[in-house]
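The following note sets out numbered remarks for a colleague who wishes to examine the pocket and its surroundings. Please read the points alongside the coordinates.

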Amino acid sequence: CMKEIPSLEKAQNLLNDNDVTIILISDESEATLNSFWQNHSKGLPVLRSEQKLKELKIATIPTTYVLNEKREVVYNKVGETDWASPDMIKKLKELSK
């Protein structure tokens, strides 16, 4: 998950004009998330899930979901990827329409 942070931040910058928001979600403690945000991801919001990820049937980290404006999952990816690659930016732009 940590390896993806730079590409997620870059993707967010590339997609700012496309009404796309990237949000990080974790079930770790508030103190851990605050430390993480201060040290690694000041460019992306980090939210804490009150449910454990296993309860949400998320067993592999990273797992990424893309939701539309109706909060429906329109794409998901399990495992690491380069979110700022030209192909992925193109896919995310298409999904944001």
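1. On a 1 Å grid over the protein atoms alone, a pocket is an open set of points with protein on both sides within 12 Å along at least five of seven lines, where a 1.4 Å probe fits. Grid points are joined across faces, edges and corners, and a volume is the space filled by probe spheres set on the points. On these terms, the largest pocket holds about 1400 Å³ of space.

2. The model is predicted: local features need pLDDT of at least 70, side-chain atom pairs count only at pLDDT 80 or more, and totals for chains, interfaces and linings use all residues. Residues are numbered from 1 along each chain as its sequence is written, and side-chain values use heavy atoms, with hydrogens and water left out.

3. Lining residues have an atom within 4 Å of a grid point. The largest pocket has 41 of them, and Ile23, Leu24, Ile25, Thr64 and Tyr65 lie nearest its centre. By class, 25 are nonpolar, eight polar and eight charged; Ala, Val, Leu, Ile, Met, Phe, Trp, Tyr, Cys and Pro count as nonpolar, Asp, Glu, Lys and Arg as charged, and the others, Gly among them, as polar.

4. Helices (H or I, at least four residues) and strands (E, at least two) are DSSP runs, numbered from the N terminus. At least two lining residues come from each of strand E1 (24-26), helix H2 (30-39), strand E3 (63-67) and helix H3 (86-95). The most are given by E3, with five residues.

5. E3 has a covered face, Thr64 and Val66, and an uncovered one formed by Thr63, Tyr65 and Leu67. Strand E4 (residues 73-78) runs antiparallel to E3 and is joined to it by five bridges, where pairing requires at least two DSSP bridges. Thr64 stands opposite Lys77 in E4. Five residues separate the two strands of this hairpin, and Arg71 in the turn has a positive phi of about 65 degrees.

6. Which residues of helix H1 (residues 5-14) are buried? They are Ile5, Ser7, Leu8, Ala11 and Gln12, buried meaning under 20% relative accessible area, exposed over 50% and partly exposed in between (1.4 Å probe, protein chains only). Seen down the axis of H1, these residues fall within an arc of 165 degrees, so they line one face of the helix; the arc is that of the directions from the helix axis to the C-beta atoms. Pro6 and Asn13, on the other side of H1, are exposed.
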